[in-house]
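This report describes the fold, the surface and selected side-chain arrangements of one protein chain. Please consult the sequence and the coordinates alongside the text.

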Amino acid sequence: MNNPVSTPPPWQQSVLRPPPWPPLLVAARWWVRYGPGIAVKQRLLREWLDVGLQQRPRPPKTVRTRYGQRFLVPTTSDFIARAIYLHGCWEACISRLVASSLRRGDGFIDIGSASGWYAVLAARLVGPTGHVVAIEPAAHEQLLANLALNNVGNVRVVQAAVTIEPGTVTLYTPHANIGATTTIRPDTYQSTVTVPGLPLAHMLHPGDLENARIIKVDVEGAEGTVLTQLAASIPRLRKDCEIIVEVTPHWLDIAGHDVGTILKPFMDNGFHTYRIQNSYAPEDIPGMLRHPLPPAPATGPLPRQIDLLLTRAAES
């Protein structure tokens with residue numbers, strides 16, 4: 001389902017002629033991106049810049065990322081957009097892992113693509129001989145806009161949520177973070193949307209799984225559904241295929257899944273589980289960009305939320 005947007009939304013239209021941003025804000029953002037001194041950046045972010053942009057959102061803007069792409073920042077009230085504006089990057093350690101792993105001709109499956117950060121990044125890395133599948137039910141317009149902004153032609157977009165059976169599903173979008181849209185009703189949320197739901201097998205074309213070097217799963221509580229369906233296709237995966245998945249044990253429990261149960265088929269087929277360093281605290285991002293830690297073996301109970309790497313590569 002790749003439906004073109006006939007009339008661009010207001011934030012996309014206005015980004016063509018945005019009003020000027022305050023010089024002090026621009027200078028502070030430059031320092032956060034390129035200046036020395038992690039401690040100074042942390043204090044700047046914690047005490048003024050990130051909070052100020054959230055409380056007093058700026059108008060739409062197009063920014064250059066650390067990986068050379070252009071990205072639309074529709075509003076700085078959104079957490080992902082604000083991080084990309086300030087740092088030129090989203091999820092620094094995961095992005096570094098994706099960038100260091102993908103090669104020309106590879107496949108990349110992005111389940112829960114949001115506004116397209118990883119789809120755009122992967123599209124350049126795999127090149128014209130590679131292919132990206134971006135599955136995103138809610139932020140479809142922003143995803144298409146960012147693909148168009150970067151002249152991406154090797155991405156197939158699927159506007160649907162992964163479900164057990166075909167049908168429809170209600171998604172809940174929280175305040176100020178479109179990337180946290182979920183099928184599990186939270187205590188508070190900004191809006192709801194009803195979208196098509198399809199099994200993963202209905203979304204993928206022949207060869208998508210077989211060619212995938214990385215499958216990324218970020219579906220805010222529906223990871224049990226996705227991993228259960230992926231487990232049935234393990235024999236079809238490349239030996240070097242790796243799965244990056246955000247796991248939230250509490251939401252898995254609500255959805256009727258257990259972490260150990262959903263990971264067991266992968267462990268039984270030679271996959272190892274690693275923790276990927278990640279933090280969404282604004283003051284932690286400069287340190288992760290400057291000194292990213294490699295994935296570490298996952299041991300002990302999982303915290304409230306964690307990003308995992310499933311890989312058949314031998315443990316070091």
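In which sense do strand E4 and E5 pair, and over how many bridges? Strand E4 (residues 131–135) and E5 are parallel to each other and are joined over four bridges. Here strands (E, at least two residues) and helices (H or I, at least four residues) are DSSP runs, numbered from the N terminus, and two strands pair if DSSP finds at least two bridges between them. Within this pairing, Val133 has Arg156 of E5 as its bridge partner.

The model is predicted, so local features need pLDDT of at least 70 and side-chain atom pairs count only at pLDDT 80 or more, whereas totals for chains, interfaces and linings use all residues. Residues are numbered from 1 along each chain as its sequence is written, and side-chain values use heavy atoms, with hydrogens and water left out.

**Overall dimensions**

The protein chain contains 13 helices and 13 strands. For 316 residues, a compact globule would have a radius of gyration near 20 Å, and the value of 19 Å for the protein chain agrees with this. That radius is taken over C-alpha atoms, and the globule rule is 2.2 Å times the number of residues to the power 0.38. Along the principal axes, the C-alpha atoms fill a box of roughly 55 × 45 × 45 Å.

Of the 316 residues, 52% are buried; buried means under 20% relative accessible area, exposed over 50%, and partly exposed in between (1.4 Å probe, protein chains only). The accessible surface is about 14400 Å², with 55% of it belonging to carbon and sulfur atoms; such areas come from the Shrake-Rupley method with a 1.4 Å probe, and for residues only the protein chains shown count as cover. Among contacts with a separation of 6 or more, 70% are between residues 24 or more positions apart, where contact means heavy atoms within 4.5 Å.

**Sheets and hairpin**

E4 and E5 belong to an open sheet of eight strands with mixed pairing, in the order E5-E4-E3-E9-E10-E13-E11-E12. Its edge strands are E5 (155–158) and E12 (296–297), each of which pairs on one side only.

Three strands form another open sheet, also of mixed pairing, in the order E6-E8-E7. Strands E6 (161–162) and E7 (167–173) stand at its edges with a single partner strand each, so one side of each is left without a neighbour in the sheet. E6 runs parallel to strand E8 (residues 191–198), and two bridges join them; Val162 has Leu198 in E8 as its bridge partner.

Strands E1 and E2 form a hairpin with five residues between them, and Gly68 in the turn has a positive phi of about 95 degrees.

| Strand pair | Sense | Bridges |
|---|---|---|
| E4 and E5 | parallel | four |
| E6 and E8 | parallel | two |
| E1 (residues 61–64) and E2 (residues 70–73) | antiparallel | four |

**Helices and buried residues**

Helix H5 (residues 92–101) is mostly covered, with seven of its ten residues buried. These are Ala92, Cys93, Ile94, Ser95, Leu97, Val98 and Ser101.

Helix H3 (residues 38–55) contains Asp50. This residue counts as buried because its relative accessible area is 10%. Leaving aside residues up to four places away in sequence, Asp50 touches Leu45, Arg82, Leu86 and Pro282.

**Cysteines and aromatic rings**

There are zero disulfides in the structure, a disulfide being a pair of cysteine sulfur atoms within 2.5 Å. The closest cysteine sulfur to that of Cys93 is in Cys89, 8.8 Å away, which is too far for a bond. Cys93 is buried with a relative accessible area of 6%, and Cys241 is buried with 0%.

A search of the whole structure finds seven aromatic pairs. Phe266 and Phe271 form an edge-to-face pair, at 5.7 Å centre to centre and with 85 degrees between the planes. Rings of Phe, Tyr and Trp (its six-membered ring) pair if their centres lie within 6.5 Å; planes under 30 degrees apart count as stacked, over 60 as edge-to-face and the rest as tilted. Both partners are buried: Phe266 has 0% relative accessibility and Phe271 has 3%. Ring pairs also link Tyr67, Phe71 and Trp117 into a cluster.
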